Structure formats: C-alpha cells, structure tokens
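Please look at the sequence and the model below. The text goes through a stretch of strands and a helix, then the ligand site.

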Amino acid sequence: MSTTSDRISVLFVCLGNICRSPMAEAVFRHTVKQKGLSAEFHIDSAGTAGYHVGDYPDSRTIQVCKAHGVSINHRGQQVSVSDFAKYDYLLCMDDSNLSNLMSIKPASSKAKVQLFGEYDPEGERIIEDPYYGGVDGFEHNFRQVTRASLGFLQHLGK
Ligand code: 4NP
C-alpha cells in the first residue's frame with residue numbers, strides 16, 4: 001500500500017484555479033487512471049490568486065471535460081508557501097504563473113517549478129488564459145493538457 005510520501009505529488013497551477021489548472025488536474029488524473037497508475041500519484045491544483053477560493057470550476061471547463069469523458073470535481077484554492085514542501089512538481093500554465101511561483105518559492109525547496117507545456121511533445125509551451133474568450137479556447141487548452149500529461153508521464157518513465 002502506498003502512502004502520500006512515496007507517491008509523486010503534482011500540483012497544477014494557474015491564476016484563478018477555475019479554468020486551466022482544474023482541467024489539467026482532471027485530465028492528468030484521468031490519464032494516470034487509464035494507465036493503472038493512480039496509486040503512484042497525489043494530484044491537485046491551485047491558483048496564484050485567491051479570487052475563486054471555494055468556487056466550482058468554470059462552466060466551460062466542466063463542459064469540455066464532460067464532452068471528453070473526463071470527470072472533474074474540484075473547488076478553488078490558492079497556492080501556499082507550504083505547497084513547495086508538499087509537492088515534488090508545481091506545473092504551471094504561463095510565464096506570469098511561473099514568475100509568481102518563483103517569487104514565493106522558499107530557497108530551501110526542492111520542488112520542481114515548471115511550465116506544464118514544457119512536456120508538450122508539440123512544443124506549445126504556454127497554456128493561455130481562456131477566461132475572456134469562447135469555449136474554443138478551452139478546447140484548445142484541453143488538447144494541450146492531454147498532450148502534456150502524456151509527455152510528463154513519459155518523462156517520468158511511466
Ligand atoms: P484560470 O483563468 O487562471 O485558468 O483559472 C482565470 C480565471 C479567473 C480569472 C482570470 C483567469 N479572473 O480574473 O477572475
């Protein structure tokens with residue numbers, strides 16, 4: 001039986017934690033489950049901002065995940081300094097998320113703080129904020145996080 005400490009822990013991070021990072025969390029969890037690897041991971045998501053703490057994901061994120069058969073169940077939460085001790089990987093969506101995370105990362109933290117898009121085999125590094133656009137932006141994000149999930153697992157040798 002695995003415990004939290006021997007699992008690979010991954011926190012997906014965006015700005016509001018209602019659009020991109022809960023989608024990344026849901027898609028990565030779905031991918032891991034399909035591969036029979038659920039017991040090897042601890043997966044969650046959070047936002048650098050606190051505007052949407054306690055909120056359900058954006059209706060467009062829920063719509064796109066459901067359309068692709070990916071279950072999603074999350075409430076908004078904000079990244080905290082303690083997350084840098086709790087997680088092996090903090091995988092974020094854009095350069096603004098990355099600089100916000102690096103500005104609060106404790107010097108002693110061994111966590112890897114990276115763009116999730118670094119693992120996209122098609123090389124699309126930035127997962128753009130879809131909030132002010134249409135559902136097509138969310139569909140685009142979905143394809144990106146699907147590719148990056150597979151690329152990240154490959155990187156881990158899974
Ligand atoms: P997310 O998108 O960072 O992908 O969750 C956003 C959600 C909310 C806001 C901005 C981006 N907002 O300004 O409230």
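A crossover is right-handed if, with the strands pointing away from the viewer, the path from the first strand over the helix to the second runs clockwise. Helices (H or I, at least four residues) and strands (E, at least two) are DSSP runs, numbered from the N terminus. The model is predicted, so local features need pLDDT of at least 70 and side-chain atom pairs count only at pLDDT 80 or more, while totals for chains, interfaces and linings use all residues. Residues are numbered from 1 along each chain as its sequence is written, and side-chain values use heavy atoms, with hydrogens and water left out.

A right-handed β-α-β unit is formed by strand 3, helix 4 (residues 95-104) and strand 4. Strand 3 (residues 89-92) pairs with strand 4 in the parallel sense over four bridges; pairing requires at least two DSSP bridges. Opposite L90 stands V113 of strand 4. V113 also belongs, with L115, to the covered face of strand 4 (residues 112-115), whereas K112 and Q114 make up the uncovered face.

An oxygen atom of the ligand is 2.8 Å from a backbone N or O atom of G16. For C19, a backbone N or O atom lies 2.9 Å from a ligand oxygen atom, and for N17 a polar backbone atom is 3.2 Å from one. The protein covers 92% of the 360 Å² of accessible area that the ligand has on its own, by the Shrake-Rupley method with a 1.4 Å probe.

Terms used. A polar contact is a pair of N or O atoms within 3.5 Å; within protein, one must be able to donate a hydrogen and the other to accept it, and residues adjacent in sequence count only if both atoms are side-chain atoms. Buried means under 20% relative accessible area, exposed over 50%, partly exposed in between (1.4 Å probe, protein chains only).
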